[in-house]
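You asked for a reading of this model before it goes further. My points follow, numbered so that they can be taken up one at a time.

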Amino acid sequence: MPRLARHKPNRPLGQELYDINSNVGLPGELLTRLVLLAANRATEFQVIGCTEIGGDLILSTWLTLREVSYSAVHIEILTVLEKPHRSVSIVLARSGSRSVAFDLMDRYQYKPLSPGGKQIRLVVVHPRVPSRPEEIRVTIFETPLEAESRLWSTFMALSYVWGDANNRRDLIVVDLKDEMGADHLTSPKRLSVTANLMEALTHLPWPDKHSILWIDAICINQEDMDERAQQVKLMAEIYTSASHVLAWLGPPTHDSNLAMNLLHRISDSIDVDWKSFEIRTKDSKWSRESASASMYFQLLLDIDFNLPWNGPESQALESLFNRPWFERLWIRQEITLGAERAVLICGSSSIEWTAFRKVAVFLNKKSKDPSHPRIESWRARTALVADSCIHQRIWLGQLLRQMQRTACTDARDRVYGILGILPYESRGLADRIRPDYRKPVVAVYQELLLAEMACADGQSAVTAFCATEGTLRLKGVLVATIVDTLEFPPLIIGKNENENDDKDDNVADQPRPLPPIVAFIQETAAKLDLSDTAPYHRSRGSTVLEALCYAFSGGGHLTDHISEQVINTQTPSMAQFKRLVKFALEFKQDDVSARERELDTDLKADVRLCSGQLLVAGRERALLVTREGYVGAGPAAAQPGDKIAVMLGCMRPLVLRQQERLGDFTTTSETDHDTSTYTVVGPCNAHGLNWGEALLGPLPDGVTFIWSLSPNGDVGPTFRNSHTGEETVADPRIDWDLLKTDSKDGSFVQREATVAEVILLETDEVTYYRRPDAGYFERKGVSLRTLDLV
């Protein structure tokens with residue numbers, strides 16, 4: 001390694017300069033000329049070090065250039081070096097490339113957060129130097145999270161996609177010698193981050209100002225498992241405390257500005273009723289444009305009009321929605337908690353989340369061009385984006401199912417990433433689950449299951465425990481055996497695949513395929529009696545046709561079972577589903593007059609509405625028929641021979657597959673002999689099992705299960721008596737006198753004294769009841785089995 005010697009230039013620079021001693025064989029006057037050339041262009045100049053690489057002398061420098069580009073300096077340096085001697089390079093420190101200067105910097109080392117309290121780190125992103133806009137300098141500091149103790153009262157949180165973990169860049173971490181904003185930055189260190197994060201920081205607004213941010217990849221020591229777990233518990237509070245959430249979608253593309261402009265135009269021209277999700281158009285400056293522009297825009301706002309899939313507007317919106325940010329798991333929590341203060345940024349364009357979410361719901365409902373070659377994936381993508389806008393209205397099972405369609409780098413985050421946005425009735429889970437990234441993934445999911453079973457008002461719903469690692473033991477009943485399955489079609493509303501093929505002269509003579517939904521219902525009719533009068537023996541007063549409609553709706557998501565306060569125009573009724581089935585059964589592809597006959601408006605609306613519901617409810621699902629006569633829907637992986645079970649603590653029936661234990665191995669059983677070990681295939685629904693009938697029996701005559709709005713604003717189950725009009729959360733099939741308890745903390749249901757009790761018994765006390773458990777059901781004569789689930 002060559003020796004370094006101090007060199008004093010002809011004019012002061014405010015920094016000490018270093019030069020190479022001439023004993024390395026390089027003419028001293030040439031190197032002096034090189035150093036002074038660079039120094040004359042700089043306000044700061046510091047040689048960081050030098051090394052020999054392949055016979056070339058590499059002089060690494062730290063320059064803060066004054067109104068000059070890197071290329072200009074390099075050109076002048078290369079001119080100096082046009083002499084026959086060992087080549088010399090001045091390697092400028094710049095982000096976006098691995099340079100000797102960065103290699104010679106020390107890596108940034110995290111210090112443990114102070115114990116006790118809610119300690120976090122925040123990042124100061126310093127103003128960028130105009131001559132090096134790609135260079136990012138930050139300062140990382142520790143602070144209490146509580147607003148009254150925080151070093152800075154406000155900060156912003158960044159939401160972004162980590163991207164390829166192997167594609168990395170270095171940013172510069174500096175200490176502040178004095179107060180923030182001082183020009184003298186000391187002790188530079190390098191910190192490796194993903195290229196995606198560096199790109200987001202480069203595009204941040206306010207490049208000439210200091211920004212205070214919380215950024216997960218920088219503010220959390222990702223190599224410290226204990227710190228990661230502790231900080232994940234605080235993330236909900238962090239995003240709630242942030243003054244703004246900046247969501248970085250990515251850099252601009254050729255059509256991203258068009259997409260962002262369309263989002264603004266549509267948002268300005270519609271309103272969404274967030275209770276019913278009804279969309280109403282309104283007057284805006286965009287609808288008052290020139291006649292042709294206004295007409296086109298009105299078609300864009302028409303929810304029933306199909307924009308051509310290959311038009312520039314459709315392509316731009318599809319490209320924007322397909323950006324990876326929308327499928328990232330953690331954004332659900334980040335954007336939900338900061339919704340009113342969140343901004344989406346794409347390149348240099350932005351839109352507030354409150355405006356974007358209206359457009360997302362609108363585009364999800366808007367009719368799609370049936371000729372779109374990727375119509376199924378486009379429907380799935382608009383549904384995924386819309387889910388992130390309205391998921392707070394759903395229950396835990398739906399939230400977990402939504403998370404299955406999102407992307408994350410660690411499977412544990414499918415649990416940890418939703419702890420801050422749990423539905424009201426499931427928020428006790430967050431107190432029972434302690435994030436720990438050392439746990440096996442299966443153990444994290446077991447912990448979630450046990451916590452969910454036990455979180456109902458602090459009382460365990462079941463007698464359940466892990467018998468061995470990977471095995472959950474609990475009680476329930478086996479109620480049915482599957483004998484037939486029929487997978488729902490992936491594409492509900494089809495297109496004529498031959499309509500664009502004009503090369504085949506015989507196309508007109510080829511039979512046109514049935515629309516998938518029609519073909520599916522007609523195939524189902526070959527297995528089941530779908531006449532109006534065929535009785536469904538598993539539920540009193542129902543028909544097989546109604547049981548099929550329940551399966552199509554996702555297990556009873558019908559206006560018939562939703563109260564007026566939460567009903568919306570996008571929820572079909574039982575009558576509408578029956579009309580869809582009747583339409584499909586009467587549809588004949590070879591009947592030209594019927595094919596060309598225009599559907600009446602009401603029937604067309606019913607078909608579209610029910611098909612859309614079936615598209616959601618039938619995704620990766622199959623129609624199930626059991627030996628006992630049940631009809632329902634379950635996982636597409638279900639097979640004949642699988643069992644349907646109702647387990648204590650589970651809100652929905654489960655499809656189970658029998659297993660055999662052979663020593664330490666578990667295998668799928670080829671026989672139908674009885675065993676207590678099962679693999680969980682997935683949840684299902686079946687009319688006659690959806691509302692606890694396997695344990696509690698049928699609902700009394702005139703009583704209907706209804707989803708209603710609870711006092712806390714969430715949707716929950718109630719029971720409506722059609723004879724009296726009364727609604728109650730207490731299931732009328734349960735003998736509540738056997739479940740009275742004196743403990744409010746351990747209660748499942750509570751009942752205030754009636755007017756008659758106040759008058760006659762002179763009491764206004766509240767009566768508390770605990771949740772029915774295994775002991776209760778056994779007292780009522782239900783034969784429970786102990787099952788091991790693996």
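1. Is T724 buried or exposed? The model is a predicted one, and in it T724 has a relative accessible area of 56%. This value lies over the 50% cut-off, so T724 is exposed. T724 belongs to the loop that runs between β28 and β29. The side chain of T724 reaches back to the chain itself, with the backbone nitrogen of E726 at 3.2 Å. T724 and V703 are separated by 21 residues in sequence, and their C-alpha atoms are 9.7 Å apart.

2. Strand β28 covers residues 715–721 and is joined to β29 by two bridges. Across this antiparallel pair, R720 faces E727 of β29.

3. Before going into other details, consider the confidence. Mean pLDDT for the chain is 77, and 72% of the residues reach 70 or more. Two stretches need a caution. Over residues 1–103 pLDDT stays under 50, although the model has 179 contacts there beyond four places in sequence. Residues 178–184 also stay under 50, with six such contacts. Where pLDDT is low, predicted coordinates should not be read in detail. I would therefore leave the contacts of residues 1–103 out of any close reading.

4. For the chain as a whole, the model has 24 helices and 33 strands. Of its 790 residues, 48% count as buried. The exposed surface comes to about 38,200 Å², and carbon and sulfur atoms supply 50% of that area. Among contacts with a separation of 6 or more, 66% are between residues 24 or more positions apart.

5. R412 deserves a separate look. Its place is in the loop between α13 (396–403) and α14 (413–416). With a relative accessible area of 15%, R412 falls under the 20% cut-off and is therefore buried. The R412 side chain makes a polar contact with the side chain of D410 at 2.8 Å. Beyond its neighbours within four places in sequence, R412 is in contact with D436, Y437, K439, P440, V441 and V444.

6. Most residues other than glycine have a negative phi. W206 has a positive phi, near 60°, and is placed in the loop between α4 (195–202) and β12 (211–214). Its relative accessible area is 39%, so W206 counts as partly exposed. E620 likewise has a positive phi, near 55°, and sits in the loop between α21 (601–617) and β20 (621–626). E620 is exposed, because its relative accessibility is 65%.

7. A positive phi also turns up in a hairpin. Strands β14 (residues 270–273) and β15 (residues 278–281) pair in the antiparallel sense over four bridges, and I270 stands opposite T281 of β15. Four residues lie between the two strands, and F277 in this turn has a positive phi of about 65°.

8. How many disulfides does the model contain? The count is zero. A disulfide is a covalent bond between the sulfur atoms of two cysteines. As for the setting of individual cysteines, C219 is buried, because its relative accessibility is 0%. C650, in contrast, has a relative accessible area of 24% and is partly exposed.

Notes. Residues are numbered from 1 along each chain as its sequence is written. This is a predicted model: local features need pLDDT of at least 70, side-chain atom pairs count only at pLDDT 80 or more; totals for chains, interfaces and linings use all residues. Side-chain values use heavy atoms; hydrogens and water are left out. Buried means under 20% relative accessible area, exposed over 50%, partly exposed in between (1.4 Å probe, protein chains only). Contact means heavy atoms within 4.5 Å. Accessible areas come from the Shrake-Rupley method with a 1.4 Å probe; for residues, only the protein chains shown count as cover. Two strands pair if DSSP finds at least two bridges between them. A disulfide is a pair of cysteine sulfur atoms within 2.5 Å. A polar contact is a pair of N or O atoms within 3.5 Å; within protein, one must be able to donate a hydrogen and the other to accept it, and residues adjacent in sequence count only if both atoms are side-chain atoms. pLDDT is the predictor's confidence in each residue, from 0 to 100.
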